[in-house]
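Here is a short briefing on a predicted model. Look over the sequence and the fold, then read on.

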Amino acid sequence: MEEKYKAALAQKQKSKAEKFSYRPSQADNNKFHEVAKELGRSTLQFARAVEQNPLTSDNIVKINEDRQYVQDIMENVVSDLRKNRSFTSLVSAVAKAKKTKRGLQETIEKEQNSHQRLKELTKLVAEVTEEKEREIQNRNEMIAYLKDQIQEMKAKTGMESKYVNKCTKLSVAQTQKICQMAEQHIRKDIDNVEIQLDLETRVNAEIVQYLGKLQMRLDEKLEFWMEKHEKDVEDKQKQLDDLKTLKNTDWKRLVDLTRQYKEYEEVVVEDRIQKEILRRKMEEEKLYIKASIRVQAWWRGIMVRKGYGTYRKKKKKTKNTKKSKGTK
């Protein structure tokens, strides 16, 4: 079918070229070849679909519709080639078919996705239903367990309430007994306190009386000691005045003695200075004498050793002199 379409299309182009002497451009040729390839692919897909499915009334209707659609397109293309020397209508028809096909494919994909989503949701609903059933079963078991616990708690609470009532009654009786004993003990304490209070009152009165007498004696002693204090103060003041007078006298005497001491000290210092000067002179004279003696001894030794002065040695006589003396 595709080959027949190409042959018919080539023949029409040849007749048109002879009639109109039309030579399409390279771009038009490329578009025409693309459209031809697209039609070939769609025809091949349709042929495969027909081979897979036998001819039925629906397929026959579909074939007739496609044939009519192709026929209309071809007529429009021929008319466009005759009038405008182009096949724009064919390109538009193919683009429209592509758009329709793309929309159909998108619809199919959406339907498939929806079907897959429906399966997932169905599976999820089944899982949730199963989980809820398990949860309901667990809750029913928990409710049964709690009912048993409530029954046990009721029985236990009844026993505990009886026990608490008995314990409360016993505690109240015990508390009353303790209160009675405490009341008796407090009454005894009150009696003892009253007796002690009377005793303390009498003792306080006696102490007040004793303290009054003691205060009177202390007042008398205070007057005595005040008078004695005044007298002692007068005596001590008189003694102080005498001591001040004696102090002034002693101070004057001390000043005179100090002046005399300074005078005596000056005399003693001068005497000591004179004695020190004299002692130093005597020591110097002794040193001079000792030095002169040493110098004289040194000089005498030199004169002796050198033979100076009176210490000079006598010369010996000659032999002739000795002989002459012998003859005489």
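In what order do the elements of the protein chain run from the N terminus on? The order is α-α-α-α-α. The protein chain has 5 helices and 0 strands, where helices (H or I, at least four residues) and strands (E, at least two) are DSSP runs numbered from the N terminus. Of its 328 residues, 7% count as buried; buried means under 20% relative accessible area, exposed over 50%, and partly exposed in between (1.4 Å probe, protein chains only).

This is a predicted model, in which local features need pLDDT of at least 70, side-chain atom pairs count only at pLDDT 80 or more, and totals for chains, interfaces and linings use all residues. Residues are numbered from 1 along each chain as its sequence is written, and side-chain values use heavy atoms, with hydrogens and water left out.

**Helix α4**

- Helix α4 covers residues 88–306.
- A straight helix of 219 residues would span 327 Å at 1.5 Å a residue, but α4 spans only 173 Å between its end C-alpha atoms. The expected span is 1.5 Å times one less than the number of residues.
- Buried residues in α4 are L90, A93, V94, G301, I302 and M303.
- Just after α4, G307 has a positive phi of about 75°.

**Nonpolar core**

- The largest nonpolar core has 6 residues: I73, V77, L81, L90, A93 and V94. Such a core is a set of buried Ala, Val, Leu, Ile, Met, Phe, Trp, Tyr and Cys residues joined through side-chain atoms within 4.5 Å.
- Two or more residues of this core come from each of α3 (57–84) and α4.
- In soluble globular proteins, nonpolar side chains tend to be buried together.

**Surface patch**

- L199, V203, I207, Y210 and L211 form a nonpolar patch on the surface. Together they have about 430 Å² of accessible area, computed by the Shrake-Rupley method with a 1.4 Å probe, with only the protein chains shown counting as cover for residues.
- Patches are made of residues with over 30% relative accessible area and no salt bridge; like charges are joined within 9 Å, and nonpolar side chains (Val, Leu, Ile, Met, Phe, Trp, Tyr) within 5 Å.
- Y210, one of the patch residues, lies in helix α4.

**Salt bridges**

- The structure holds 10 salt bridges. Each is a side-chain nitrogen of Lys or Arg within 4 Å of a carboxyl oxygen of Asp or Glu.
- E135 pairs with K132, with the closest N and O atoms 3.9 Å apart. The two are 3 residues apart in helix α4, so about one helical turn separates them.
- E135 also meets R139 in a salt bridge (2.6 Å, N to O). These residues are 4 apart in α4, again about one helical turn.
- E135 is partly exposed at 27% relative accessibility. K132 is partly exposed at 46%, whereas R139 is exposed at 53%.
- E263 and R259 form another salt bridge (3.4 Å, N to O). Both lie in helix α4, 4 residues apart, about one turn of the helix. E263 is partly exposed at 40% relative accessible area, and R259 is partly exposed at 44%.

**Cysteines**

- How many disulfides does a search of the whole structure find? The search finds 0 disulfides, a disulfide being a pair of cysteine sulfur atoms within 2.5 Å.
- C167 is partly exposed at 33% relative accessibility. C179 is partly exposed at 45%.
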